[in-house]
Amino acid sequence: MGATLRCSSSCAARPTSGSSSSSRIEAVCVAMLGAYALVADALRRRRTELVLRRLHGAGHAAIAREVAAEFAAPLLIAAMVGAPLAAWLGHTYLAGFVDRVGVVPGLVLPLLAAAIATVLITALAAQRHVRLALALHPIEALN
């Protein structure tokens with residue numbers, strides 16, 4: 001009746017998934033905050049240029065396309081460099097565990113979710129700051 005629970009030495013040495021999960025979420029949040037700050041700073045510096053383009057006849061869609069093209073290249077380069085590196089590091093980390101999760105749910109889906117979240121935050125930040133810059137009156141932008 002007095003059953004006792006025993007833990008093998010390999011069980012005690014493994015990290016818990018809760019702490020590593022929260023650190024991964026924090027890392028993605030820091031990356032998204034960096035992307036937001038990059039967009040905010042770049043568009044703050046270009047505020048006068050955006051207003052002058054609008055004054056010279058550029059439409060809102062043309063300005064939005066230009067801003068999207070400006071941030072697409074760094075995001076694409078970051079994804080091309082970061083995704084394989086993250087996949088390799090994740091695979092190396094998960095290889096040390098006895099009970100393994102599959103590659104798709106353990107690596108591909110979290111990397112895809114992080115990339116989508118970062119692109120979404122960057123797009124929303126760009127949209128917000130472009131909208132604020134285009135709402136300025138020309139005299140306010142030239143001050």
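This is a predicted model: local features need pLDDT of at least 70, side-chain atom pairs count only at pLDDT 80 or more; totals for chains, interfaces and linings use all residues.
Visitor: Let's start with threonine 122. Why does threonine 122 count as buried?
Guide: Because its relative accessibility is 7%. Buried means under 20% relative accessible area, exposed over 50%, partly exposed in between (1.4 Å probe, protein chains only).

Visitor: Fine. Which helix holds threonine 122, and what does it touch?
Guide: Threonine 122 is in helix H5. It touches Ala35, Val39 and Leu75, not counting residues up to four places away in sequence. Contact means heavy atoms within 4.5 Å. Helices (H or I, at least four residues) and strands (E, at least two) are DSSP runs, numbered from the N terminus.

Visitor: How many helices and strands are there?
Guide: The protein has 6 helices and 0 strands. From the N terminus on, the order is α-α-α-α-α-α.

Visitor: How do H4 and H5 pack?
Guide: H4 (residues 60–94) and H5 (residues 103–134) pack at about 160 degrees, with axes 10 Å apart. That makes H4 roughly antiparallel to H5. Angles under 35 degrees count as roughly parallel, over 145 as roughly antiparallel, 65 to 115 as roughly perpendicular and the rest as oblique. Axes are lines fitted to C-alpha atoms, for helices over the stretch in contact, and angles run from 0 to 180 degrees between N-to-C directions.

Visitor: Which residues make that contact?
Guide: From H4, they include Ile63, Val67, Leu75 and Ala83. From H5, they include Leu111, Thr118, Thr122 and Val130. By class, the contact has 13 nonpolar, 6 polar and no charged residues. Ala, Val, Leu, Ile, Met, Phe, Trp, Tyr, Cys and Pro count as nonpolar, Asp, Glu, Lys and Arg as charged, and the others, Gly among them, as polar.

Visitor: What about H3 against H4?
Guide: H3 (residues 47–55) packs on H4 at about 145 degrees, axes 10 Å apart. Glu49, Leu50, Arg53 and Arg54 of H3 meet His60, Ile63, Glu66 and Val67 of H4. That contact has 3 nonpolar, 1 polar and 4 charged residues.

Visitor: Where does arginine 47 sit, and what is it in contact with?
Guide: Arginine 47 is in H3. It is partly exposed, with a relative accessible area of 31%. Leaving aside neighbours within four places in sequence, it contacts Ala133, Leu136, Glu140 and Ala141. The C-alpha atoms of arginine 47 and alanine 141 are 6.7 Å apart, though 94 residues separate them along the chain.

Visitor: Last one. How much of the whole protein is buried?
Guide: Of its 143 residues, 20% count as buried. Among contacts with a separation of 6 or more, 76% join residues 24 or more positions apart.

Methods
Residues are numbered from 1 along each chain as its sequence is written. Side-chain values use heavy atoms; hydrogens and water are left out.
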